[in-house]
Amino acid sequence: LDAALELFVEKGFAATRLDDVAARAGVSKGTLYLYYASKEDLFKAVVRQNIVPLIEAFERDVAESRASSGELLGGFFRQWWTCFGATRLAGIAKLVVGEAGNFPELARFFQQEVVLRNAMLLRSIVERGIRQREFRPVDVDASIHLWMSPMVMRAIWAHSILPCCPPALDVPVQRFLDTHLDYVLGALAPRPGPASAGRAP
């Protein structure tokens, strides 16, 4: 699975051959087929071993946490970047986006196992904050799309355009995360009610 992850990230799905995976893993192709009936099965196993456990760990942390919803939200974005966006696992997201048209079944699998589950976790944090009146009511589904898109794009960019095209405006990732979170929390900040709207600061 480690060998498969490396090759999927390096070459993409279509260009990765099971012969190459077996060679890099130091086993025969026949041995590989004892565990995985196809390259599709191997890809799904890579996702389930390397990405799904990260989401499960995030889910447990959120369920057990007594932190404020704002702290949970900041932790979510920073952990997402540390454990996924800044690692070779982000190359899997690039693979799915780039090859979804030719391999729609893999895209649907990734959507179900990773994207939707990740979105539901983010939704649970935001809805928790709204219930506890830490956040103002917002369109949660639309907000999740708005907030995750820059994160995913930055991760995919690092595995596609960045290696061959230096950025015209280099923003270190820590500044990017800090600014992104500042915008998110600003959008969620409770707004003054009518009674307090006219008061002096």
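**Labels and the values behind them**

Author: Gladly! Let's start with Met153, which sits in helix H9 (residues 140-158). Helices here are DSSP runs of H or I with at least four residues, strands are E runs of at least two, and both are numbered from the N terminus. This is a predicted model, where local features need pLDDT of at least 70 and side-chain atom pairs count only at pLDDT 80 or more, while totals for chains, interfaces and linings use all residues. Residues are numbered from 1 along each chain as its sequence is written, and side-chain values use heavy atoms, with hydrogens and water left out.

Reader: Why is Met153 called partly exposed?

Author: Its relative accessible area is 44%. Buried means under 20% relative accessible area, exposed means over 50%, and partly exposed is in between (1.4 Å probe, protein chains only). Because 44% falls in between, Met153 is partly exposed.

Reader: Which residues make the nonpolar surface patch?

Author: Met153, Trp157, Ile161 and Leu162 make a patch of about 340 Å². Patch members have over 30% relative accessible area and no salt bridge; nonpolar side chains (Val, Leu, Ile, Met, Phe, Trp, Tyr) are joined within 5 Å, like charges within 9 Å. The areas come from the Shrake-Rupley method with a 1.4 Å probe, and for residues only the protein chains shown count as cover. Met153, at 44%, is over the 30% limit.

Reader: What makes a set of residues a nonpolar core?

Author: It is a set of buried Ala, Val, Leu, Ile, Met, Phe, Trp, Tyr and Cys residues joined through side-chain atoms within 4.5 Å. The largest one here has 58 residues, and Phe8, Phe43, Val47, Leu73, Phe77 and Ile92 have the most contacts inside it. Helix H8 (residues 104-131) gives the most to this core, with 10 residues.

Reader: Why is Phe43 called buried?

Author: Phe43, in helix H4 (residues 39-50), has a relative accessible area of 0%. Contact means heavy atoms within 4.5 Å. Leaving aside neighbours within four places in sequence, Phe43 is in contact with Phe8, Phe13, Ile92, Leu95, Val96, Leu106 and Phe109.

Reader: What does Leu73 touch?

Author: Not counting residues up to four places away in sequence, Leu73 touches Leu122, Ile125, Val126, Phe135, Leu181, Val184, Leu185 and Leu188. Leu73 is among the buried residues of helix H6 (residues 69-85), including Phe76, Phe77 and Trp80. What covers the buried residues of H6 includes helix H5 (52-64), helix H7 (90-99), H8, H9 and helix H10 (173-188).

Reader: Why does Asn118 count as buried?

Author: Its relative accessibility is 10%, which is under the limit for buried. Asn118 lies in helix H8 and touches Ile55, Phe76, Trp80 and Met148, not counting residues up to four places away in sequence.

Reader: What makes Glu6 and Arg24 a salt bridge?

Author: Their closest N and O atoms are 3.3 Å apart. A salt bridge is a side-chain nitrogen of Lys or Arg within 4 Å of a carboxyl oxygen of Asp or Glu, and 3.3 Å meets that limit. The structure holds 15 salt bridges.

Reader: What do Glu113 and Arg48 tie together?

Author: The two side chains meet in a salt bridge at 3.4 Å, N to O. Glu113 lies in helix H8 and Arg48 in helix H4, so the pair ties together parts that are 65 residues apart in sequence. Glu113, at 22%, is partly exposed, and so is Arg48, at 44%.

Reader: Which residues are linked in a network of salt bridges?

Author: Lys11, Arg17, Asp19, Asp20 and Lys29 are. Within it, Asp19 pairs with Lys29, the closest N and O atoms being 3.3 Å apart.
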